[in-house]
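Dear colleague,

I am passing on the structure below, together with my notes on it. Please read the notes with the coordinates open beside you.

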Amino acid sequence: LAGRRDEAVIATKWGYTFDEATRQATGEDASPGYLRRAVTDSLRRLGTDRIDLYQLHLADLPVPRAEALIGTLEEMVAEGLIRAYGWSTDRADRAETFGHSAPGATAVQHSLSVLRDAPELLLVCDKYDLVSINRGPLGMGLLTGKYTATSTLPRDDVRGLAPGWLEWFRGGRPAPEWLRRVAAAVGNWAPWGGDTTRR
């Protein structure tokens, strides 16, 4: 981004601690102190002076602990370190907290696709004029039609590792129940090519 910073919108998250050398998560930290360190480290790694959207990554953080971060987030907006902030959560009550209590909150990142609707979250976004950033709109690739029950993903792909939070894939293969849901959702429609009419 050197020399082209204004051509990009940078959105990133904080909340998990990690070992920078091994790139392994080591835990969680929802303290204002860690928030400050995390944004400073992100700015250094990204080689920029500001982050456009900084998102809380701890989806189930208790509301009082999230509210305790708002003051620090507002300070960072005033200082120009971040332009806006949001919460990455699938819980409408969490999104409502930022919508109601956080002046600089502008977005909620949440799961949304033809496989998973989110009417409560969309209502919160509408009520507080928050941007809905859709996480997993293609089901991590399942909705592209490229993967079948015999597909195997390599271990250097997060879908091949299939950590506990990843429901779409298990053991490097598409989860059978999700393949069935994809088939039911799209029927004979083929968004990846071929006849695009429903039969």
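Which order do the five strands of the open sheet have, and is their pairing parallel or antiparallel? The order is 1-4-5-6-7, and the pairing is parallel, where two strands pair if DSSP finds at least two bridges between them, and where helices (H or I, at least four residues) and strands (E, at least two) are DSSP runs numbered from the N terminus.

Before going further, please note that this is a predicted model, in which local features need pLDDT of at least 70 and side-chain atom pairs count only at pLDDT 80 or more, while totals for chains, interfaces and linings use all residues. Residues are numbered from 1 along each chain as its sequence is written, and side-chain values use heavy atoms, with hydrogens and water left out.

The sheet and its helices

Strand 1 (11-14) and strand 7 (131-135) form the edges of the sheet, each of them pairing on one side only. Neighbouring strands are turned against each other by 30 degrees on average, direction ignored; elsewhere, angles run from 0 to 180 degrees between N-to-C directions, and axes are lines fitted to C-alpha atoms, for helices over the stretch in contact. Strand 6 and strand 7 run parallel and are joined by five bridges, and Gln109 stands opposite Ile133 in strand 7.

Helix 4 packs on this sheet, touching strand 4, strand 5 and strand 6 (contact means heavy atoms within 4.5 Å), and its direction makes about 155 degrees with that of strand 5. Helix 5, for its part, lies across strand 6 and strand 7 and runs at about 170 degrees to strand 6.

The axes of helix 4 and helix 5 come within 9 Å and cross at roughly 5 degrees, and the two helices are therefore roughly parallel to each other, a term that covers angles under 35 degrees. Helix 4 contributes Ala92, Ala95, Glu96, Gly99 and His100 to this contact, and helix 5 contributes Glu120, Leu121, Val124, Lys127 and Tyr128.

The buried residues of helix 4 are Ala92, Arg94, Ala95, Thr97, Phe98 and Gly99, where buried means under 20% relative accessible area, exposed over 50% and partly exposed in between (1.4 Å probe, protein chains only). These buried residues pack against strand 4, helix 2 (63-67), helix 3, strand 5, strand 6 and helix 5.

Leu56 touches Trp14, Leu61, Ala66, Leu69, Gly86, Trp87, Ser88 and Phe98, if residues up to four places away in sequence are not counted.

Two backbone points to check

Most residues other than glycine have a negative phi. Asp129, however, has a positive phi of about 55 degrees although it is not a glycine; Asp129 is found in the loop between helix 5 and strand 7 and is exposed, with a relative accessible area of 69%. Met140 likewise has a positive phi of about 55 degrees without being a glycine; Met140 has its place in the loop between strand 7 and helix 6 (158-161), and counts as partly exposed at 27% relative accessibility.

Methods:
Parallel < 35°, antiparallel > 145°, perpendicular 65-115°, else oblique.
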